[in-house]
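Please read it alongside the sequence and the coordinates.

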Amino acid sequence: MLEITAAEWTAIMLSIRVAVVATLVATPLGIAVAWLLARRDFWGKSVADAIIHLPLVLPPVVTGYLLLLTFGRRGLVGAWLADHLGIVFAFRWTGAALACGIMSFPLLVRPIRLSIEAVDRRLEQAASTLGAAPWRVFWTVTLPLALPGVLAGMVLGFAKAIGEFGATITFVSNIPGETQTISSAIYTLTQVPDGDAAALRLVGISIVIAMAALIASEVFARRATKRLHGI
Amino acid sequence: MLRIETQKQLGDFSLDVAFTSEGRVTGLFGSSGAGKTSLVNIIAGLLKPDRGVIAVDGEVLDDTSLGLHTAPHRRRIGYVFQDARLFPHLNVTQNLDYGRRMNGLSYDPAGHSHVVDLLDIGNLLDRRTGQLSGGERQRIALGRALLAQPRLLLLDEPLGALDADRKAEILPYLVRLRDETGVPMVYVTHDPHELRQLATQVVVLERGRVVRFGNPEILADTTAARIEMQPSEARH
């Protein structure tokens with residue numbers, strides 16, 4: 001009953017790989033977007049904000065279908081990427097990572113944005129009077145002080161990415177060994193008569209991964225908060 | 001030398017100030033709301049003047065007629081704020097070292113220990129900023145600004161957040177700073193006592209205008225006028 005099969009391991013490792021890659025690629029972009037939303041006023045800011053939050057409110061299958069139209073083999077961007085750079089997303093694990101990255105992006109950006117907004121701008125002014133150029137102020141003051149929010153955003157994004165189902169299965173399907181994550185493996189197992197035990201094992205594993213991520217973020221956040229109060 | 005000719009509208013408040021100071025320590029004196037902090041922020045480059053010229057040692061940092069505005073980090077003007085503004089994620093040594101790193105200056109052990117001795121902060125170097133008293137924080141802020149090797153040091157009510165005992169503790173350090181470092185200072189306060197000890201020239205601001213300019217003795221008149229109005233205080 002507790003023996004994990006090779007096929008299940010493949011799904012677990014693939015899920016972790018997809019979620020890790022999605023989170024790591026989305027984080028720098030998320031920090032840049034969060035900073036823009038927190039610190040800059042620009043034309044069309046509320047529209048940009050709405051577009052970023054769109055995956056949160058759209059049915060996941062809609063996002064997946066839009067990805068298929070855009071990044072599929074014959075999609076506008078997908079065809080160009082395949083022809084010029086040899087990058088293919090359709091029916092590949094990279095496509096799953098792209099879908100997960102987009103679906104988790106709003107959850108990743110929000111805590112980072114809030115924590116950047118909470119950074120005392122008077123400290124940034126002090127840094128500039130000490131000779132720090134704006135980008136160095138960001139690296140040496142803003143980002144370190146916003147670190148708890150960055151970690152919280154990464155954990156939330158990772159948790160969302162590892163559980164993503166609708167957009168992923170629509171965009172890259174459910175191919176064992178290539179695009180079959182824990183979620184789609186559980187879905188497949190619920191469709192077969194004797195799949196309950198295997199499905200339950202995968203359910204248990206997703207709970208363990210999610211708990212581990214939450215505990216890790218809690219530990220990081222506590223440590224970071226202590227640092228930020230100068231203790 | 002500091003040359004200031006500046007106008008700035010901030011809501012209902014208008015700042016319109018012109019003076020040239022050759023002093024080692026230029027005192028900016030006035031009650032709260034007189035425009036002292038706005039003026040200092042303009043000198044630091046944190047606030048852009050609507051019109052005017054700011055020049056330090058002959059170098060023009062702002063000239064609105066030419067569209068010139070030098071960014072704060074390129075001015076080499078140190079700033080000590082009333083609330084210290086130490087970086088909470090760095091310890092004392094890292095705070096002190098910040099300006100040197102940002103300006104790409106090489107480490108100068110003699111200069112470093114001179115500042116550390118001058119401010120008597122050698123025993124605080126390993127502390128986190130949360131473990132410092134108000135007076136200690138201000139001394140670290142002074143050291144941090146000095147170690148960035150500024151050509152002008154702005155001090156905006158650096159004793160404003162401290163009680164009388166702590167003020168008396170810090171004031172001698174400021175006097176030593178004036179006498180032992182060659183850095184000219186602009187010292188903002190509403191306390192005539194501090195300026196009489198420190199300033200070589202005084203600018204009195206009221207509602208955004210310069211109402212008096214001269215050596216620290218002009219403050220005696222101000223105080224005398226106040227005492228005349230409040231005879232009970234004169235007896236103390």
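The model discussed below is a predicted one.

## Helix packing in chain A

Helix α1 (residues 6–39) of chain A packs with helix α11 (residues 196–228) of chain A at an angle of about 30°, their axes lying 11 Å apart. Because angles under 35 degrees count as roughly parallel, α1(A) and α11(A) are therefore roughly parallel to each other. Their crossing is right-handed, and the contact is made by Glu8(A), Ala11(A) and Ile12(A) on the side of α1(A), with Ala198(A), Arg201(A), Leu202(A) and Ile205(A) on the side of α11(A).

## The largest nonpolar core

The largest nonpolar core holds 120 residues, of which Ala99(A), Leu154(B), Val186(B) and Tyr187(B) touch the most other members. Helix α5 (residues 93–118) of chain A gives the most to this core, contributing 14 residues.

Which residues is Tyr187(B) in contact with, leaving aside its neighbours within four places in sequence? They are Val25(B), Gly27(B) and Leu28(B), together with Leu155(B), Leu195(B), Leu198(B) and Ala199(B).

## The hairpin of chain B

Strand β1 (residues 2–10) of chain B and strand β2 (residues 13–21) of chain B run antiparallel and are joined by 9 bridges. Within this pairing, Lys8(B) stands opposite Leu15(B) of β2(B). The two strands, β1(B) and β2(B), form a hairpin with 2 residues between them, and in the turn Gly11(B) has a positive phi of about 65°.

As a general point, side chains in a regular strand alternate between the two faces of the sheet.

After α2(B) comes Gly104(B), with a positive phi near 65°.

The contact between the chains takes 22 residues from chain B and 19 residues from chain A. On the side of chain B that touches chain A, β7 (77–80) and α2 of chain B each supply at least two residues, and α2(B) gives the most to that side, with 4 residues.

Terms used: Residues are numbered from 1 along each chain as its sequence is written. Chains are lettered from A and ligands numbered from 1 in the order in which they are written. This is a predicted model: local features need pLDDT of at least 70, side-chain atom pairs count only at pLDDT 80 or more; totals for chains, interfaces and linings use all residues. A nonpolar core is a set of buried Ala, Val, Leu, Ile, Met, Phe, Trp, Tyr and Cys residues joined through C-beta atoms within 7 Å. A residue is buried if 20 or more other C-beta atoms lie within 10 Å of its own, exposed if 12 or fewer, and partly exposed in between; C-beta atoms are placed from the backbone. Two residues are in contact if their C-beta atoms, placed from the backbone, lie within 7 Å. Two strands pair if DSSP finds at least two bridges between them. Axes are lines fitted to C-alpha atoms, for helices over the stretch in contact, and angles run from 0 to 180 degrees between N-to-C directions. Angles under 35 degrees count as roughly parallel, over 145 as roughly antiparallel, 65 to 115 as roughly perpendicular and the rest as oblique. A crossing is left-handed if the near helix is turned anticlockwise from the far one by less than a right angle, and right-handed if clockwise.
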